[in-house]
Amino acid sequence: MNKSEEIIDQEIGLISQCTINKGELANCAIINSEIWDGFMDGTTIRDTRWGDAVFNNVFLDSADLSHMSMRGARFKLVNMKDVSFSELSMEGSSFEGVTMAGCTLDRVDFKEAVIKNSDLKGIDIVCCGYQGMTIEGVEVEELIKAYNTLHPDEKVILNY
């Protein structure tokens, strides 16, 4: 039994304890609303806009996020262990209290990015361009050139 009902421009107070199993919501505008204490396991969300949305205490374990723009996103107290990003625009985003231990960043554009107050122990930067990159105000290119002068048998190759 397929039943479809149109609700147009109505204010709905609270929908509680509902289950939508294998259903569809299409052409909906959910504006200035809240969704809480929900389970969306196995749900596909596509062709939607979430501008100014707030995601708090949300579990996206094994989620597949693709073809997304997260421009200006703010990440606070987020665990990104074992997360993979591919072709994602996060221009102007900020990260605070984010765990990215063990992650790999490949073909990431960090132009004009600032990393501060972070634990960079054990970080390995390989095959990257260093033009304009500084560490505590010192040009990385100059540091590498100085290292190459002191250690001619172990030269670091600058990639551009």
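Me: Is Cys127 buried or exposed, judged by its relative accessibility?

Reply: A residue is called buried under 20% relative accessible area, exposed over 50%, and partly exposed in between, with a 1.4 Å probe and protein chains only. Cys127, at 63% relative accessibility, counts as exposed. Before going on, please keep in mind that this is a predicted model, in which local features need pLDDT of at least 70 and side-chain atom pairs count only at pLDDT 80 or more, while totals for chains, interfaces and linings use all residues. Residues are numbered from 1 along each chain as its sequence is written, and side-chain values use heavy atoms, with hydrogens and water left out.

Me: How many disulfides does the count come to?

Reply: A disulfide is a pair of cysteine sulfur atoms within 2.5 Å. By that rule the count here is 0 disulfides. The closest cysteine sulfur to that of Cys127 belongs to Cys128, and the distance of 7.2 Å is too far for a bond. Whereas Cys127 is exposed, Cys128 is partly exposed, with a relative accessible area of 31%.

Me: How many aromatic pairs does the count come to, and how should I read the angle between the planes of Trp50 and Phe55?

Reply: Rings of Phe, Tyr and Trp (its six-membered ring) pair if their centres lie within 6.5 Å, and planes under 30 degrees apart count as stacked, over 60 as edge-to-face and the rest as tilted. The count in this model comes to 2 aromatic pairs. In the pair of Trp50 and Phe55 the ring centres are 5.3 Å apart and the planes stand at 40°, so the pair is tilted. Trp50 is partly exposed, at 44% relative accessibility, whereas Phe55, at 56%, counts as exposed.

Me: What is the arrangement of the rings of Phe75 and Phe95, and in which strands do these residues lie?

Reply: Their ring centres are 4.7 Å apart and their planes are at 5°, so this pair is stacked. Strands (E, at least two residues) are DSSP runs, as are helices (H or I, at least four), and they are numbered from the N terminus. Phe75 lies in strand S1 (residues 74-76) and Phe95 in strand S2 (residues 94-96), so the pair ties together parts that are 20 residues apart in sequence.

Me: What is the mean pLDDT of the protein, and which element has the lowest mean?

Reply: pLDDT is the predictor's confidence in each residue, from 0 to 100. The protein has a mean pLDDT of 81, and 93% of its residues reach 70 or more. Among its elements, the lowest mean pLDDT is that of S2 (86), and the highest is that of strand S4, residues 138-139 (94).
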